[in-house]
Amino acid sequence: MKKIDKFVIKSFIGPLVLTFFIATFVLLLQFLWRYMDDLVGKGLHIADILEFLWYACWTFVPMSLPLAVLLSSLMVFGNFGEHYELVAMKSAGIPLRRVMRSAVFLSFVISGIAFFFANNAVPKAYMLHRQKYHEIKTTRPAVNVPEGMYYYDIPDYVIRVGTVRDDGRYLENVQIYDHSGKGGNQAVTMSNTGSMFTRENGKYLVFNLYDGYSYGEDLGSGQAGMGSSRTSAENPFTRIKFDTQILIMDLSRYDSPDRDDNLYVRHQKSLGLKDLGPQIDTLRFRTDERCRDLQKSINGRNYYLHSLIGQDSALVAKLNTLVAQKDYKPTYGVSSYSAKELEDAALIATAMADDMNYYKNDIKYHQERLNAYRVEEHKKFSLSVGCLILFFIGAPLGALIRKGGMGMPVVVSVLLFIIYYMISVIGEKAAIEGTLTCTLGSWLATFVFLPFGLFLTVQATIDSSLLDADTWRRLFIKKQA
């Protein structure tokens, strides 16, 4: 390896690592802001929170790595241009393409690493991240009842306290709605004052309530084990006044949530290429099967409808008008009919239209799932190619604008990456919805940025002054003169 290659690689690796961690940190802050409500007030151990954030950081790689490549390449070659190092190299007979050769090789290595992450590390990290999130969501909540607000973090109960003082040792205007009977607000407890505390290391939440009432519906012993079949008007309403009441809520069941280790294992983001292929084949078969079921339903109802109404064109017109409201227009022949046959035929036509609507939504759901898996399959490769494309934008752009550091390169690279990311998201959503093909939607950003990268590379290799500020300034002054 020649000295110039060592110099370029050494200059490139430092900013690459720095910008990668900066991008990851920024994404982590955004992530924390989004999930703050799920992490605060749960009484979680710091180890659980750090584990959750660690898995999340791995899932940020598909976004932070391309941004790091773009920003670092723009910074490095911008520094070369700003400090006239590119001019010195060209004076020594070294063209820009020779200077970029080692950086291009390094970009190919980064693209390979990006593919490995996208295909192996990110799916595993995403699955563990979602499982940890599920575990946190079902973890026993800490007692953190706010003043004047309804508190929903304890399942089967809704709590509202008007005033909370001394960490819950004094409460005013307490309202507790008990939904454990799965019948709505059939049990409500209200008291003027009270206190709350936990026992046995938070295993139980205890309310001592004073001077209040308990309201409820007496469902009767006959309904206790078989669900409510009578209306609320038939159930006697009870009201009990109390001077002191102790209410205990068992929170221990949230210590060991039912966690399925296979949870999210079939989500498209949790699968590598080896597992995506069979899953796509399965979804394609299910989608085709639903289409065949729809055709069978149409054929069966058409046959039955034809046997009822025969060949009467007037009735056919009426039924076609009815079914057209459901986006379906069958065709029939002509014959005589009775009033009963007309009624049966109208019911069949309505049922046919309902079936069409149901199958339409069901097929759309299966098709969108299939498209989502196919898009994820393409993203394994588009991430790697995206890193390479963004390098061929950042490096020549830095050589053209001749500005390094963390000023203009950061602004330009962030702006370009936002555009790149928006085009990627728009293309992926359009592909999932079926507006674009999965291939075009997944690679839309690449198709848009590839000509731009080639154009900038050509302009940089021929020493174009297209983006030189001094050139534009001189041109502007010349026009004014």
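Student: In which strand does Thr 163 lie?

Tutor: Thr 163 is part of strand E2, which covers residues 157–165. Helices (H or I, at least four residues) and strands (E, at least two) are DSSP runs, numbered from the N terminus. The model is predicted, so local features need pLDDT of at least 70 and side-chain atom pairs count only at pLDDT 80 or more, while totals for chains, interfaces and linings use all residues. Residues are numbered from 1 along each chain as its sequence is written, and side-chain values use heavy atoms, with hydrogens and water left out.

Student: Is Thr 163 buried or exposed?

Tutor: Buried means under 20% relative accessible area, exposed means over 50%, and partly exposed is in between (1.4 Å probe, protein chains only). Thr 163 counts as buried because its relative accessibility is 18%.

Student: Which residues is Thr 163 in contact with?

Tutor: Contact means heavy atoms within 4.5 Å. With neighbours within four places in sequence left aside, Thr 163 is in contact with Glu 147, Tyr 170, Leu 171 and Glu 172.

Student: What does the protein look like in overall numbers?

Tutor: The protein has 12 helices and 6 strands. It has 481 residues, and 42% of them count as buried. Among contacts with a separation of 6 or more, 70% are between residues 24 or more positions apart. The accessible surface (Shrake-Rupley method, 1.4 Å probe) comes to about 26,800 Å², and carbon and sulfur atoms hold 59% of that surface.

Student: How do I read the packing of two helices?

Tutor: Two packed helices are described by the angle between their axes and the distance between the axes. Here, axes are lines fitted to C-alpha atoms, for helices over the stretch in contact, and angles run from 0 to 180 degrees between N-to-C directions. Take helix H3 (residues 61–82) and helix H9 (residues 408–433): they pack at about 145 degrees, and their axes are 9 Å apart.

Student: Is the crossing of H3 and H9 left-handed or right-handed?

Tutor: A crossing is left-handed if the near helix is turned anticlockwise from the far one by less than a right angle, and right-handed if clockwise. H3 and H9 cross in the right-handed sense.

Student: Which residues of H3 and H9 meet?

Tutor: From H3 come Met 63, Pro 66, Leu 67, Leu 70, Leu 71, Leu 74 and Met 75. They meet Pro 409, Val 410, Val 412, Ser 413, Leu 416, Phe 417 and Tyr 421 in H9. The residues of this contact divide into 13 nonpolar, 1 polar and no charged. In that count Ala, Val, Leu, Ile, Met, Phe, Trp, Tyr, Cys and Pro are nonpolar, Asp, Glu, Lys and Arg are charged, and the others, Gly among them, are polar.

Student: How many residues are in the largest nonpolar core?

Tutor: A nonpolar core is a set of buried Ala, Val, Leu, Ile, Met, Phe, Trp, Tyr and Cys residues joined through side-chain atoms within 4.5 Å. The largest one has 46 residues, and Phe 77, Phe 391 and Ile 393 have the most contacts inside it. The elements that give two or more residues to this core include H3, H9 and helix H8 (339–401). H8 gives the most, with 11 residues. Setting aside residues up to four places away in sequence, Ile 393 touches Leu 70, Leu 416, Phe 449, Phe 452, Gly 453 and Leu 456. There is also a second, separate core of 17 residues, which includes Met 196, Phe 207, Leu 209 and Met 249.

Student: What should I look for in phi?

Tutor: Most residues other than glycine have a negative phi. Tyr 84 has a positive phi, near 60 degrees. Tyr 84 is in the loop between H3 and H4 and is exposed, with a relative accessible area of 61%. Asp 211 also has a positive phi, about 55 degrees. Asp 211 lies in strand E5 (residues 204–217) and is partly exposed, at 37%.
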